[in-house]
Amino acid sequence: MDEMTKQRRQLLQAAAMAAFATSVGNRVLGDTAGQSSAILPAIHSADRTKSAREILDFNDGWKFLLSDSRESALHLPDATDALWRQLNVPHDWAFEAPFNRQAAQGAGGGYKPGGVGWYRKAFDLPAGWQQRRVRIQFDGVYMNSDVWINGVHLGKRPYGYVSFGYDLTPHLKATDNIVAVRVDNSLEPSARWYHACGIYSPVHLVATGRVHIEHDGIFITTPRISAARAIMDVQTELINTQASSAVTKVDVTVLDPGGQLAAHTIEDVVIQGGGRKTVRQSLVVSRPQRWDLDTPHLYKVVVRLMVEGQWVDAVTTPFGIRSIRWDTHSGFWLNGRNIKLQGMCDHLEAGPVGGAIPHELWRWRIDLLKRMGCNAMRTAHNPRPPEFYNLCDQMGMLVLDEFFDGWRQKAPEDYGKQAFAQWWQRDLSDTVRRDRNHACVFIWSVGNETRGAVGPELVRLCHSLDATRMVTSGAADPAAMEVMGINGGSGEPSFYKRPLPQKPFVATENPHTWATRGFYRTQSWFSHGTSGQGTTTFACPSLTPHEIFTYDWINPKDRKNRMQTYRSSYDNSMVRITSRRSWQLARDLPWFSGEFRWTGFDYPGEAGYIQGGWPFHAFQGGALDLAGFKKDLYYFYQSQWTSKPMVHILPHWTHPVMKPGTQIPVWAYTNCERVELWLNGKSLGSRAPGRAWDQLQCSWLVPWTPGKLEAIGYRKGQRVAYGCQQTAKEPAMLKLAASGERCPIITVTQVDQAGIMNPYAGNRVYYSIDGPARILSLESGSPNDDDPNYGVNSRAAFFGLARAFLQTTSDSGDVRVAVGAICGDKSLLTSHRIAIDVQSLAVRGAQPPRKFNIVYSTDGSHPSIAYTGPIHLKGSATVRADVFDGGKCVLQMSERFAPDAGLYWGKV
């Protein structure tokens with residue numbers, strides 16, 4: 001390479017990275033291309049003044065009113081909003097509300113409300129924007145949103161799961177602009193599960209020049225890929241809003257994953273005044289680095305426009321080079337490798353914080369599934385905000401991108417009833433255009449368990465916008481789909497007696513099993529009451545002749561119906577098929593591309609016919625619970641889907657009312673060659689996991705005796721993994737851990753005096769924050785704790801665990817949290833010993849010494865007795881405690897202890 005060519009490449013590369021920084025807004029700047037500091041700052045400075053594209057965060061400083069006030073003309077600039085609540089978006093007002101048996105979303109929506117909310121935000125135009133085109137972009141608003149700028153109505157979008165935007169330009173002033181948004185969830189229930197209410201995803205302002213790239217107007221494909229090179233086609237839609245024609249240079253630069261120049265082309269085009277033009281350019285990328293599950297390499301495709309010697313627009317698109325293929329006989333292929341889809345379905349609102357999910361918690365959710373071995377997610381049953389797809393691109397997670405739940409009414413007031421017929425073409429088109437450059441998106445899904453003649457039209461529209469991906473559905477008009485997607489039916493024995501599918505097949509929603517973290521039953525349970533092999537259910541024999549576990553959340557005779565139960569963690573609580581058998585079928589049948597389990601996380605809602613209704617408010621089908629705690633099922637999938645040595649024992653080994661010698665089924669999930677089980681230092685023999693569904697775990701029958709149960713995993717004769725369960729005494733203290741930066745997660749474990757987790761502990765945990773942070777949610781994973789989880793500073797632990805999800809409110813400043821609980825056996829079954837434990841945890845920055853002074857009472861009166869050590873209760877009591885830090889009361893705690901205060905321990 002001669003010196004002139006080398007310098008040209010360096011300048012192109014530096015200019016492309018400068019355009020990348022500018023195109024994503026003021027937040028991204030720096031020597032990310034790896035070029036010399038002498039070149040980049042100058043380019044950055046020039047481009048930041050000449051480029052007409054800036055993207056500004058528009059999330060802070062909104063005002064909010066939960067009220068339907070059409071008659072008050074709240075959209076007008078001079079409307080009174082001085083008394084409105086001030087907040088930042090994303091925001092979900094339904095999540096903030098307490099659980100309410102009469103709430104509008106009903107059991108299907110987890111007993112949360114709907115209603116009408118108004119948002120208003122005042123702003124001045126940034127300097128230099130007066131001659132630019134300005135667009136407001138909403139990543140997600142649920143639902144029926146109307147938007148005004150300075151009193152002018154811009155439009156309405158009924159669907160709550162699409163991104164959309166409006167041109168503000170003709171209506172803007174230099175100062176004192178008012179954006180008003182009305183969000184109408186007055187018609188409920190509008191979904192079959194819990195849905196957010198409000199502006200639940202980020203908002204941005206986008207400023208461009210008069211000649212600019214259309215929103216979502218870049219489409220990148222790689223029609224030919226080999227080890228030597230990839231052909232990359234870039235299609236760009238251009239708009240000229242000025243009156244005169246514009247001679248425009250369209251410059252395309254491709255940077256490789258390391259920031260080095262990979263390809264470049266430039267073309268001159270003429271765009272008529274007030275016109276549009278689509279430009280197609282082709283480039284060659286040598287020795288392409290593939291995007292894959294473990295190596296999610298991303299290129300950056302930078303498209304810049306120059307008019308009259310000035311760069312007037314620039315858009316950067318991360319893009320992964322990869323090949324996908326479906327085969328009727330062998331399933332799914334990625335980059336020439338036949339892989340099984342190890343998938344999870346998930347509702348957007350699953351997990352601990354409702355629909356307004358911070359970026360860091362999106363990453364946390366995806367990472368937990370990735371560590372389990374999951375390689376694909378189904379966006380059941382609607383698209384996600386853009387940041388979700390960005391993260392899946394970066395983390396190597398495939399996405400089955402689903403647009404709609406129904407093509408007609410399925411919930412009383414859902415999108416299928418309100419707007420589908422009028423809006424589906426616009427909503428599908430906007431979403432395909434938005435998502436089609438994402439490497440993670442490997443297939444489109446156009447519906448779920450619905451019917452209608454519109455199926456073929458949906459497929460055709462997908463292909464008119466993106467011919468590179470096939471189309472499926474979750475059991476919606478399978479004949480019209482290119483890939484057959486079957487939901488629960490793929491878990492029925494009769495499905496496997498039919499002729500093989502004549503097109504590629506994937507189980508889009510299977511299996512359907514349940515588990516409550518830490519809860520066990522040896523008798524198998526089917527939701528429809530069947531108990532053995534049939535045309536719709538696979539047999540799942542019970543593990544013992546009679547039930548050996550007796551604890552429960554309530555006396556069984558007080559249940560309203562048989563569905564109001566916690567569900568066993570032995571993988572023996574299901575609709576049709578166990579998780580183990582379902583995976584065996586997916587693993588062993590070549591034409592079976594894989595499965596998407598229902599679900600990855602527990603989620604609020606669908607609590608009526610499936611969970612029996614109030615007080616149950618959540619669906620328990622996840623491999624992780626609402627708080628993100630791992631269920632035993634998580635480790636089953638990890639044993640099948642990952643290679644790093646692991647072993648996990650179930651059940652726990654604390655059984656206070658069990659008769660000594662009772663035979664307890666003990667399982668070990670492992671990916672080791674064999675596992676040896678030990679009880680109190682004595683070997684109980686070794687087992688090797690098998691291939692059949694009921695041999696995927698190592699199994700023993702172990703006579704109950706307290707102590708220490710250990711599992712040692714071996715490969716090639718070497719000890720490579722270890723698991724342990726120990727018998728715990730009554731809860732005596734807290735064990736704390738913190739993770740995360742912008743959204744710290746505090747994990748609380750209730751342990752006995754020896755530090756062993758008590759798996760039944762349910763004492764209320766209290767939190768006091770010192771520093772710039774707030775509590776987003778307090779969550780324990782309980783499916784039926786109807787105490788509020790927002791706007792409070794305490795919530796009960798569930799089966800020994802609790803979490804506080806925080807969000808920092810400033811980029812600087814130390815954050816520390818005082819965490820306390822009045823610990824003990826709530827039902828006084830095993831002990832009357834009560835201990836008060838308070839600890840301080842540094843979440844960010846320094847942790848100066850803190851000495852807490854505690855006073856308490858045992859009769860429910862105002863605390864006045866100095867706490868010096870554990871208390872022994874003579875009988876039922878309400879213990880109260882006040883906690884002081886340097887004279888300031890930081891916690892006021894209370895806990896009731898009585899035979900009826902904890903779990904039910906009688907006969908089942």
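Helices α4 and α10 are oblique to each other, a class that takes in angles other than those under 35 degrees (roughly parallel), over 145 (roughly antiparallel) and 65 to 115 (roughly perpendicular). Their packing angle is about 55°, and the axes lie 8 Å apart; axes are lines fitted to C-alpha atoms, for helices over the stretch in contact, with angles from 0 to 180 degrees between N-to-C directions. The contact, defined by heavy atoms within 4.5 Å, brings Leu368, Arg371 and Met372 of α4 to Tyr634, Tyr637, Gln638 and Trp641 of α10. By class, five nonpolar residues, one polar and one charged make up this contact, where Ala, Val, Leu, Ile, Met, Phe, Trp, Tyr, Cys and Pro count as nonpolar, Asp, Glu, Lys and Arg as charged, and the others, Gly among them, as polar.

The model is predicted, with local features requiring pLDDT of at least 70 and side-chain atom pairs pLDDT 80 or more, whereas totals for chains, interfaces and linings use all residues. Residues are numbered from 1 along each chain as its sequence is written, and side-chain values use heavy atoms, without hydrogens and water.

Helix α4 comprises 14 residues (359-372) and spans 20 Å between its first and last C-alpha, close to the 20 Å expected at 1.5 Å a residue; the expected span is 1.5 Å times one less than the number of residues. Helices (H or I, at least four residues) and strands (E, at least two) are DSSP runs numbered from the N terminus. Buried residues of α4 include Trp362, Arg365, Leu368 and Met372, buried meaning under 20% relative accessible area, exposed over 50% and partly exposed in between (1.4 Å probe, protein chains only). Just after the helix, Gly373 adopts a positive phi of about 110°.

Nine bridges join β53 (residues 877-885) to β54 in the antiparallel sense, pairing being assigned where DSSP finds at least two bridges. Val883 has Leu891 of β54 as its bridge partner.

Two cis peptide bonds are described here: Trp614 to Pro615, with omega near 10°, and Leu650 to Pro651, with omega near 0°. Pro615 lies in the loop between β33 and β34, and Pro651 in that between β35 and β36.

Tyr111 has a positive phi of about 60° and is buried at 6% relative accessibility. Glu449 also has a positive phi, near 45°, but is partly exposed at 40%.
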